[in-house]
Amino acid sequence: MQSEPAIFDRVEMCLVGHPAIDDAHREFDLLLQSMVAAEEAGLGAALDAMLNHAEAHFALEEELMARHDFPARECHAAEHGRVLASIREVSALLREGDADVVRELAQALADWFPGHSDYMDASVANWITKKTAGGAPIVLRRPAARLAPTAQHPTTERLDCVTVALESP
Ligand SMILES: [Fe+2]
Ligand SMILES: [Fe+2]
């Protein structure tokens, strides 16, 4: 039976070929590691850092989608909004003394991110690259980090938006 790769092996699979989005994805991964590694006294700072990052990360992608007239941007932005709402909700729970919920959020974000990146963010990168350069982006990944479909992320169960069909260049 093929074992699931460790959470942080997945960052290579979350690169989509758009430099600014990929920078955001690397930062997301680092902040997620910080959330997981944080001692209880540091959870608030780690969570605040993730919230600040997520606001900027999602705003970047939403600005790119608007600027390049990406068709499925409302659906994509709605998913961003749900994630931000969850992070803010966990911030409120942490202030009430519930530290475990931050650990649960970190795992939920780790479970959510590869599918979101591979489907929604990669579609944006493809769209922009096709509009600006006439082709799809090429992403080079280390083979060891290849992500197989898992029980949490079967490739057919993470889609809740209409697929953006790209014409051949
Ligand atoms: Fe992203
Ligand atoms: Fe996104």
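The model is predicted: local features need pLDDT of at least 70, side-chain atom pairs count only at pLDDT 80 or more, and totals for chains, interfaces and linings use all residues. Residues are numbered from 1 along each chain as its sequence is written.

**Whole protein.** Display the protein as a cartoon; it has four helices and zero strands, in the order α-α-α-α along the sequence. Helices (H or I, at least four residues) and strands (E, at least two) are DSSP runs, numbered from the N terminus.

**H3 and H4.** Next, select residues 73–95, helix H3, and residues 100–133, helix H4. They pack at an angle of about 170°, with axes 11 Å apart; axes are lines fitted to C-alpha atoms, for helices over the stretch in contact, and angles run from 0 to 180 degrees between N-to-C directions. H3 and H4 are therefore roughly antiparallel, the term for angles over 145 degrees. Show side chains where they meet: His76, Val83 and Leu94 are among those in H3, and Val101, Trp112 and Met120 are among those in H4.

**The core.** Now select Met35, Leu47, Met50, Val102 and Val124, which have the most contacts inside the largest nonpolar core, a set of 29 residues. Such a core consists of buried Ala, Val, Leu, Ile, Met, Phe, Trp, Tyr and Cys residues joined through C-beta atoms within 7 Å; a residue is buried if 20 or more other C-beta atoms lie within 10 Å of its own, with C-beta atoms placed from the backbone. The largest share of this core, 11 residues, comes from H4.

Terms used
Chains lettered and ligands numbered in written order. Parallel < 35°, antiparallel > 145°, perpendicular 65-115°, else oblique. Contact = placed C-beta atoms within 7 Å. Buried ≥ 20, exposed ≤ 12 C-beta atoms within 10 Å, placed from the backbone.
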